[in-house]
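I opened a new structure today and kept short notes as I went. Here is what I looked up, step by step.

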Amino acid sequence: MKKLNATEAANIVGGTSKVCSDSYEKIIVGGVSSCKLITTCTDKHGNKTYQAQTADDAKCAGPIAP
């Protein structure tokens with residue numbers, strides 16, 4: 001049997017790349033609304049991470065969720 005290093009082993013059980021998706025959300029804090037680009041990433045273990053960045057208000061057109 002061949003010994004594997006950590007990188008080789010990670011590739012066998014699903015790789016190390018993340019799967020990410022983007023969405024735009026209007027967020028209201030203290031009566032002030034802003035548009036945010038929300039990036040959601042899931043790693044090979046199912047762990048999710050979120051990142052928010054300010055985006056152009058035109059990207060968040062549509063109804064506001066309560």
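**Entry 1: the overall plan.** I read the elements from the N terminus on, and they run α-β-β-β. That comes to 1 helix and 3 strands. My helices (H or I, at least four residues) and strands (E, at least two) are DSSP runs, numbered from the N terminus.

**Entry 2: ground rules.** This is a predicted model, where local features need pLDDT of at least 70 and side-chain atom pairs count only at pLDDT 80 or more, while totals for chains, interfaces and linings use all residues. Residues are numbered from 1 along each chain as its sequence is written, and side-chain values use heavy atoms, with hydrogens and water left out.

**Entry 3: the sheet.** In what order do the strands of the open sheet lie? I found β1-β2-β3, with antiparallel pairing. The edge strands are β1 (19-29) and β3 (48-54), each pairing on one side only. From one strand to the next, the twist averages 25°; the angles are taken between N-to-C directions, from 0 to 180 degrees, with axes as lines fitted to C-alpha atoms (for helices, over the stretch in contact). A reminder to myself: strands of a sheet pair through backbone hydrogen bonds, either parallel or antiparallel.

**Entry 4: counting bridges.** Two strands pair if DSSP finds at least two bridges between them. I noted 11 bridges between β1 and β2, and 7 that join β2 to β3.

**Entry 5: a visit to Thr 39.** Thr 39 sits in strand β2 (residues 32-42). Is Thr 39 buried or exposed? Thr 39 counts as buried because its relative accessible area is 18%, and buried means under 20% (exposed is over 50%, partly exposed in between; 1.4 Å probe, protein chains only). Not counting residues up to four places away in sequence, Thr 39 touches Cys 20, Ser 21, Asp 22, Thr 49, Tyr 50 and Gln 51; contact means heavy atoms within 4.5 Å.

**Entry 6: the whole protein.** Of its 66 residues, 15% count as buried. Among contacts between residues at least 6 apart in sequence, 23% join residues at least 24 apart.
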